[in-house]
Amino acid sequence: MDVPLWLFYVNTFKNIVHLNKLQNTVGQYESHTAFTLPGLYRVVHGIDVFDPKFNIVSPGADMCIYFPYSNKEKRLTALHGSIEELLFDPQQNDEHIGTLSDRSKPLIFSMARLDRVKNMTGLVECYAKNTKLRELANLVIVAGYIDVKNSKDREEMEEIEKMHGLIKEYKLDGEFRWIAAQTNRARNGELYRYIADTKGIFVQPAFYEAFGLTVVEAMTCGLPTFATCHGGPAEIIENGISGFHIDPYHPDQTSELLATFFLRCKEDPSYWTKISDGGLKRIYERYTWKIYSERLMTLAGVYGFWKYASKLERRETRRYLEMFYILKFRELVKSVPLASDD
């Protein structure tokens with residue numbers, strides 16, 4: 001069946017507008033399904049955006065482990081000794097390398113796997129090239145192995161070697177600390193809060209992130225968060241209100257945004273608190289386990305009904321989900337102007 005030209009333009013518009021705005025919804029996955037040059041070329045491949053597997057409920061962080069830095073009664077102060085050793089022990093070994101000469105500076109913190117898509121080396125290079133940012137804050141990352149001999153993954157080995165190269169090239173010792181991957185969740189939770197005590201920030205620089213659990217964890221601990229605009233964090237964070245979006249493909253802009261934030265906080269310390277509180281407000285509104293469980297039970301009821309009433313044939317499921325799609329986007333379609341010669 002031929003698609004009307006006006007619908008062609010509507011679909012194109014929606015793909016652009018919602019590419020980085022909607023996570024785990026039809027809008028995001030349409031961008032992977034179709035590429036359109038109106039009137040010239042259209043490519044469609046096999047992702048079925050109406051498949052039930054794309055109805056995903058966004059999880060929250062475990063609030064027994066991840067809770068605000070301001071909750072002094074729950075703080076795990078017994079872990080502060082080992083955290084300070086992780087961050088400031090001058091000894092160089094397989095668990096941490098690099099030193100932080102000026103402990104009065106706030107900390108830029110990031111934690112992720114050490115592979116290409118997570119872009120941890122990109123964050124280090126972004127920081128290293130901005131002299132102003134290096135004067136304002138230290139950088140701490142938790143990622144992968146430090147000794148390339150300990151890794152068996154080719155991609156990770158390349159990133160390890162690249163990281164060591166950046167440390168030498170930009171002479172980062174004194175301003176940069178690299179800590180090997182940590183598995184103690186309780187200490188990781190307190191580490192976020194310890195970074196918050198320094199009036200630091202969390203940065204998630206991935207080229208693409210499907211959801212962004214570390215983003216939720218950092219925000220739940222009250223840490224102002226800067227995260228990739230490609231994927232889930234674009235929905236988690238309201239830019240400029242509960243955190244900031246960064247584009248990993250434009251590292252110079254990212255480093256300037258970070259430097260501007262620290263300069264503003266230096267002039268007005270309440271600004272750090274404002275973004276921290278905005279992040280916590282966003283978490284309590286959208287990303288708690290209570291909200292997660294309620295949404296999950298709703299979906300379980302919906303699909304439980306279909307399993308009882310039919311064999312969940314694809315045709316029936318698609319019609320059912322298409323109904324919600326039409327209800328959700330019908331008003332959006334009305335807002336898009338029709339194409340004209342002008």
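Modeller: Before we start, one term: a salt bridge is a side-chain nitrogen of Lys or Arg within 4 Å of a carboxyl oxygen of Asp or Glu. Also, this is a predicted model.

Colleague: Okay. Which residues are linked in a network of salt bridges?

Modeller: Four of them: Arg 75, Glu 190, Arg 193 and Asp 197.

Colleague: How far apart are N and O in the Arg 75 and Asp 197 salt bridge?

Modeller: The distance is 2.7 Å. Arg 75 sits in the loop between strand S2 (41-44) and helix H3 (80-88), while Asp 197 belongs to helix H7 (residues 185-197), so this pair ties together parts that lie 122 residues apart in sequence.

Colleague: Is Arg 75 buried or exposed?

Modeller: Buried. Its relative accessible area is 9%, and the cut-off for buried is under 20%. Asp 197 has 36%, so it counts as partly exposed.

Colleague: Why can such side chains pair at all?

Modeller: Opposite charges can pair when the charged atoms come close.

Colleague: How many salt bridges does the count come to?

Modeller: The count is 13 salt bridges. Another one joins Lys 118 and Glu 209, at 2.6 Å from N to O. That pair also links distant parts of the chain. Lys 118 is in the loop between S4 and H4, Glu 209 is in the loop between S7 and H8, and they are 91 residues apart.

Colleague: And how accessible are Lys 118 and Glu 209?

Modeller: Lys 118 is buried at 11%. Glu 209 is buried at 11%.

Colleague: What does Arg 286 form a salt bridge with?

Modeller: With Glu 235. Their closest N and O atoms are 2.8 Å apart. Arg 286 is in helix H11 and Glu 235 in helix H9 (residues 233-236), so parts 51 residues apart in sequence are tied together. Arg 286 is partly exposed at 24%. Glu 235 is buried at 15%.

Colleague: New topic: the sheet. What order do the strands come in?

Modeller: The order is S3-S6-S5-S4-S7-S8-S9. That makes 7 strands in an open sheet with mixed pairing. Strand S3 (96-97) and strand S9 (244-246) each have a single partner strand, so each is left with one side that has no neighbour in the sheet.

Colleague: In which sense do S7 and S8 pair?

Modeller: Parallel, over 3 bridges. S7 covers residues 201-204 and S8 covers residues 225-228. Val 203 has Phe 226 in S8 as its bridge partner.

Colleague: Which strands does helix H4 touch?

Modeller: Helix H4 (residues 120-128) packs on the sheet and touches S4 (107-111), S5 (138-142), S6 (176-179) and S7. Its direction makes about 170° with that of S5.

Colleague: What does helix H8 lie across?

Modeller: Helix H8 (residues 213-220) lies across S4, S7 and S8. H8 runs at about 170° to S7.

Colleague: On to rings. How many aromatic pairs are there?

Modeller: The count comes to 12 aromatic pairs. One of them is Phe 211 with Tyr 287: a tilted pair, 6.2 Å centre to centre, with 55° between the planes. Phe 211 is in the loop between S7 and H8, and Tyr 287 is in the loop between helix H11 (270-286) and helix H12 (289-309), so the pair ties together parts 76 residues apart in sequence. Phe 211 is buried at 14%. Tyr 287 is buried at 2%.

Colleague: What about the rings of Phe 261 and Phe 262?

Modeller: Their centres are 5.8 Å apart and their planes are at 75°, so the pair is edge-to-face. The cut-off for that is planes over 60 degrees apart. Phe 261 is buried at 3%, and Phe 262 is buried at 5%.

Colleague: Which residue lies over the face of Tyr 271?

Modeller: Arg 264, at 3.8 Å from the ring centre. Elsewhere, Arg 103 lies over the face of Phe 88, at 3.8 Å from the ring centre.

Colleague: Last one. Where is Gly 222 found?

Modeller: In the loop between H8 and S8. Gly 222 is buried, with a relative accessible area of 0%. Beyond its neighbours within four places in sequence, Gly 222 is in contact with Tyr 69, Trp 272, Ser 276 and Leu 280. Gly 222 and Thr 273 are 51 residues apart in sequence, and their C-alpha atoms are 8.7 Å apart in space.

Notes: Residues numbered from 1 in each chain as written. Predicted model: local features only at pLDDT ≥ 70, side-chain atom pairs only at ≥ 80, totals over all residues. Heavy atoms only, no water. Pairing = 2+ DSSP bridges. Helix = DSSP H or I, 4+ residues; strand = E, 2+ residues; numbered from the N terminus. Contact = heavy atoms within 4.5 Å. Axes fitted to C-alpha atoms, helices over the stretch in contact; angles between N-to-C directions. Phe/Tyr/Trp six-rings, centres within 6.5 Å; stacked < 30°, edge-to-face > 60°. Buried < 20%, exposed > 50% of the residue type's maximum accessible area, 1.4 Å probe, protein only. Lys NZ or Arg CZ within 6 Å of the ring centre and 35° of its normal.
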